[in-house]
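Here's a friendly tour of the salt bridges in one protein. Have a look at the sequence and the model first.

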Amino acid sequence: MNTPANLPRTEEEVLAEFRASGALLEGHFQLSSGKHSGHYLQCARVLMSPARAARLAKAMVAGIPTDVVERIDVVVSPAMGGIIVGHEVARVLGKDALFLERPEGTFHLRRGFALDTGARVLMVEDVVTTGLSSREAIDAVAREGGEVIAECALIDRSVGKVELGVPFYPLAAFDFPTYDADSVPEALARIPITKPGSRKA
């Protein structure tokens, strides 16, 4: 699908949306993946404007091939980060939006949500780094009786390296360096750690 001219189309235009909302943070962050970084994209903040969230969701859907869009039955997102963007993507598609939760550590549907057997699911995330949460969410959809046919995300921090087992359509990819806990640069290690993600430590 072609992205309309008034929607963010390039990495720089997407990053401008984060800058404009104060959602590009600098410091020392431990990401949900466990890796460390000097940058954090706070998607909750970039999505706090309903108008901006709608614009980004339209751009995300525009990046998904038409033949995939036509097969989607329902949108599913992992909580917490995927809920808002998933809801907005579902609005664009005219589909229902469900979300997975993991209060005991394993994703599953709650709150009366259920998938029809064989339902074709678009998984929607905010940020993908290692893909761990996405793969866990995709497995959960299979346990719930659905099939994830593709995933889209606002940001791919792996810059194309992540393997999800399904087609992946990120709106933008940013190559902010990330580090394992035992290889954090000295300058970054001197900064107190912030853990902004929703995954339990």
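## Before we start

This is a predicted model, so local features need pLDDT of at least 70 and side-chain atom pairs count only at pLDDT 80 or more, while totals for chains, interfaces and linings use all residues. Residues are numbered from 1 along each chain as its sequence is written, and side-chain values use heavy atoms, with hydrogens and water left out.

## The overall count

Searching the whole structure turns up ten salt bridges (a side-chain nitrogen of Lys or Arg within 4 Å of a carboxyl oxygen of Asp or Glu).

## A link between distant parts

Lys 35 pairs up with Asp 180, and their closest N and O atoms are 2.6 Å apart. These two come from distant parts of the chain, 145 residues apart: Lys 35 is in the loop between β1 (24-30) and β2 (36-41), and Asp 180 is in the loop between β9 (178-179) and α7 (186-189). Helices (H or I, at least four residues) and strands (E, at least two) are DSSP runs, numbered from the N terminus.

Lys 35 is partly exposed at 23% relative accessible area, and Asp 180 is partly exposed at 39%. Here, buried means under 20%, exposed over 50% and partly exposed in between (1.4 Å probe, protein chains only).

## A pair within one helix

Glu 88 and Arg 91 form a salt bridge too, at 3.1 Å from N to O. They sit three residues apart in helix α5 (residues 82-93), so about one helical turn separates them. Glu 88 is buried at 11%, whereas Arg 91 is exposed at 54%.
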